[in-house]
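Thanks for making the time, everyone.

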Amino acid sequence: MAWWQVWWVWVAGGVLVAAAEALLPGYIFLGFASGAVLTGILQLVGLLKGSSISVLLAVFAVLSLLSWIAFRAILGKREGQVKIWDRDINDN
């Protein structure tokens, strides 16, 4: 059995990426972390047992994207995240 077919490797990778999210704010890595953990859980219950690396990476990518969209909808965009300048500093 290859390392990518072991469920706890995906969960451990997700935990490491979640730790990176704690150090680097912005909710960028949160989708990747939950995608990896969900991929590991799907392997644990047997839905992805014996899958190739390409199938696992495709499942990981889809779950990461869906997780990121869900977290973005739940957490939302912060007010004032984008600043629009309507006057120049040199205007008198």
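The structure holds two aromatic pairs, where rings of Phe, Tyr and Trp (its six-membered ring) pair if their centres lie within 6.5 Å, and planes under 30 degrees apart count as stacked, over 60 as edge-to-face and the rest as tilted. For Trp10 and Phe60 the ring centres are 5.6 Å apart and the planes stand at 50°, so this pair is tilted. It links distant parts of the chain, since Trp10 sits in helix 1 (residues 7-23) and Phe60 in helix 3 (residues 53-75), 50 residues apart; helices here are DSSP runs (H or I, at least four residues), numbered from the N terminus.

This is a predicted model, in which local features need pLDDT of at least 70 and side-chain atom pairs count only at pLDDT 80 or more, while totals for chains, interfaces and linings use all residues. Residues are numbered from 1 along each chain as its sequence is written, and side-chain values use heavy atoms, with hydrogens and water left out.

Both partners are buried, Trp10 with a relative accessible area of 11% and Phe60 at 19%, where buried means under 20%, exposed over 50% and partly exposed in between (1.4 Å probe, protein chains only). Together with Phe32, Trp10 and Phe60 form one aromatic cluster.

Turning to helix 1, Trp10, Gly14 and Glu21 are buried there. Seen down the helix axis, the buried residues fall within an arc of 40° , so they line one face of helix 1, the arc being that of the directions from the axis to the C-beta atoms. They pack against helix 2 (30-44) and helix 3, with contact meaning heavy atoms within 4.5 Å. On the other side of helix 1, Trp8, Val15, Leu16, Ala22 and Leu23 are exposed.

How values were computed:
Helix = DSSP H or I, 4+ residues; strand = E, 2+ residues; numbered from the N terminus.
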